[in-house]
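This report describes one protein model for a reader who is new to structures. Please look at the sequence and the model first, then read on.

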Amino acid sequence: MKKILLYGLKDDWQYQYLKQKLGEGFILDDSRTISETKFADYEVVCIFINTLFNDKEIKKFPALKFITTRSTGYDHISLEYAKSKGIIVANVPAYGDNTVAEHTFALILSLSRNLRKAYLNILHDDFLAWKA
């Protein structure tokens with residue numbers, strides 16, 4: 001039976017979703033509920049960008065075979081050390097592509113339409129500022 005440790009979950013729905021999708025044959029633990037003494041049992045660790053997984057962290061998991069990050073970037077993982085230990089590292093190459101593009105266009109529209117200025121004027125009951 002594979003043991004998977006989830007780091008950096010902010011909400012319970014993420015844990016429940018992964019538990020449902022993985023099904024039987026996996027023991028899924030949330031990092032909020034384990035103690036350091038249990039680290040030796042895990043073969044898979046699933047992290048997010050705000051979890052630093054350097055040499056010191058990887059050494060806590062002697063049975064570790066696979067590290068996956070729920071993000072595109074993997075600069076928070078010590079790739080060289082993982083490779084030297086034969087640990088496979090995976091990421092999500094297309095994570096957030098659409099949301100980043102949408103946010104960029106929203107910022108462009110905000111700048112071109114002076115939305116911040118308009119918002120501040122409304123906060124100060126200055127509805128005539130746009131006539132100038």
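## Salt bridges, rings and surface

K60 is partly exposed, with a relative accessible area of 25%; here buried means under 20%, exposed over 50%, and partly exposed in between, with a 1.4 Å probe and protein chains only. The model is predicted: local features need pLDDT of at least 70, side-chain atom pairs count only at pLDDT 80 or more, and totals for chains, interfaces and linings use all residues. Residues are numbered from 1 along each chain as its sequence is written, and side-chain values use heavy atoms, with hydrogens and water left out.

The partner of K60 in a salt bridge is E57, with 3.3 Å between the closest N and O atoms. A salt bridge means that a side-chain nitrogen of Lys or Arg is within 4 Å of a carboxyl oxygen of Asp or Glu. E57 has a relative accessible area of 17%, so E57 is buried.

How many salt bridges does the structure hold? There are three, and they are listed here.

| Salt bridge | N to O distance |
|---|---|
| K60 and E57 | 3.3 Å |
| K3 and D41 | 3.6 Å |
| E43 and K65 | 3.7 Å |

E43 counts as buried at 18% relative accessibility, and K65 counts as partly exposed at 48%.

K3 and D41 also form a salt bridge. K3 lies in strand β1 (residues 2–6) and D41 in the loop between β2 (26–30) and β3, so this pair ties together parts that are 38 residues apart in sequence. K3 has 14% relative accessibility and counts as buried, while D41 is partly exposed at 42%. The charged end of K3 also sits over the ring of Y42, 4.8 Å from the ring centre. For this, NZ of Lys or CZ of Arg must be within 6 Å of the ring centre and within 35 degrees of the ring normal.

Next come the rings. Rings of Phe, Tyr and Trp (its six-membered ring) pair if their centres lie within 6.5 Å; planes under 30 degrees apart count as stacked, over 60 as edge-to-face and the rest as tilted. By this rule there are two aromatic pairs. The ring centres of F48 and Y95 are 6.0 Å apart and the planes stand at 80°, so this pair is edge-to-face. F48 is in the loop between β3 (44–47) and α2 (55–59), and Y95 is in the loop between β5 (88–90) and α4 (97–112), so the pair ties together parts 47 residues apart in sequence. F48 is buried at 18% relative accessible area, whereas Y95 is partly exposed at 45%. F53 and F61 make a tilted pair, 5.8 Å centre to centre with 40° between the planes. Both F53 and F61 are buried.

Now the protein as a whole. Its secondary structure comes to five helices and five strands. Helices (H or I, at least four residues) and strands (E, at least two) are DSSP runs, numbered from the N terminus. Along the sequence the pattern is β-α-β-β-α-β-α-β-α-α. Of the 132 residues, 29% count as buried.
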